[in-house]
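Here's a quick briefing to read with the structure open beside you.

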Amino acid sequence: MTAFMLACYLGGVAQGTIYFRSVNDCIYYTKYLNEQQYKDETGQTIIYECICKLIPQVNEKKVRVY
């Protein structure tokens, strides 16, 4: 099965992924999660970045696809 992976990074470090059947669902969540900002304990601004990526083959028995 083909799926679309929403991958989110915090300061360049991968924080999590979720898989969707529909590119529209993936893009919807990307729009609302991408570019959120917060300041860490040192006062540095860290940006939450999310991208939507096509994954040509996903094993549905090992990965939950929404």
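**A loop residue to start with**

Let's begin with glutamate 35, which sits in the loop between α1 and β3 (36–39). Its phi is near 65 degrees, a positive value in a residue other than glycine. Glutamate 35 counts as exposed because its relative accessible area is 58%, and the cut-off for exposed is over 50%. Keep in mind that this is a predicted model.

**Overall layout**

- The chain has one helix and four strands, and reading along the sequence you get the pattern β-β-α-β-β.
- Of the contacts between residues at least 6 apart in sequence, 53% join residues at least 24 apart.

**Surface and charge**

- Buried residues account for 24% of the 66 residues in the chain.

**The salt bridge**

- How many salt bridges are there? The count comes to one salt bridge.
- The partners are arginine 21 and glutamate 60, whose side chains meet at 2.9 Å, N to O.
- This pair links distant parts of the chain, with the two residues 39 residues apart. Arginine 21 is in the loop between β2 (13–20) and α1 (23–33), while glutamate 60 is in the segment after β4 (45–55).
- Are these two buried, partly exposed or exposed? Arginine 21 is partly exposed, with a relative accessible area of 45%, and glutamate 60 is also partly exposed, at 42%.

**More on glutamate 60**

- Leaving aside neighbours within four places in sequence, glutamate 60 is in contact with Met1, Arg21 and Val65. Arg21 in that list is the salt-bridge partner from above.
- Glutamate 60 and threonine 2 are 58 residues apart in sequence, and their C-alpha atoms are 9.8 Å apart in space.

- Arginine 64 counts as exposed, because its relative accessibility is 63% and the cut-off is over 50%.
- Which distance in space goes with a gap of 44 residues between arginine 64 and phenylalanine 20? From C-alpha to C-alpha, the two are 8.6 Å apart.

**Isoleucine 55, in strand β4**

- Isoleucine 55 has its place in strand β4.
- Is isoleucine 55 buried or exposed? Isoleucine 55 counts as buried, because its relative accessibility is 17% and buried means under 20%.
- Setting aside neighbours within four places in sequence, isoleucine 55 touches Met1, Thr2, Ala3, Met5 and Tyr19. Met1 turns up among the contacts of glutamate 60 too.
- Looking toward lysine 31, which is 24 residues away along the chain, the C-alpha atoms of isoleucine 55 and lysine 31 are separated by 19 Å.

**Lysine 39, in strand β3**

- Lysine 39 lies in strand β3.
- At 57% relative accessibility, lysine 39 counts as exposed.
- Which residues does lysine 39 contact, leaving aside neighbours within four places in sequence? Those contacts are Gln44 and Thr45.
- Lysine 39 and lysine 61 are 22 residues apart along the chain, and their C-alpha atoms are separated by 39 Å.

Definitions and conventions. Residues numbered from 1 in each chain as written. Predicted model: local features only at pLDDT ≥ 70, side-chain atom pairs only at ≥ 80, totals over all residues. Heavy atoms only, no water. Buried < 20%, exposed > 50% of the residue type's maximum accessible area, 1.4 Å probe, protein only. Contact = heavy atoms within 4.5 Å. Salt bridge = Lys/Arg side-chain N within 4 Å of Asp/Glu carboxyl O.
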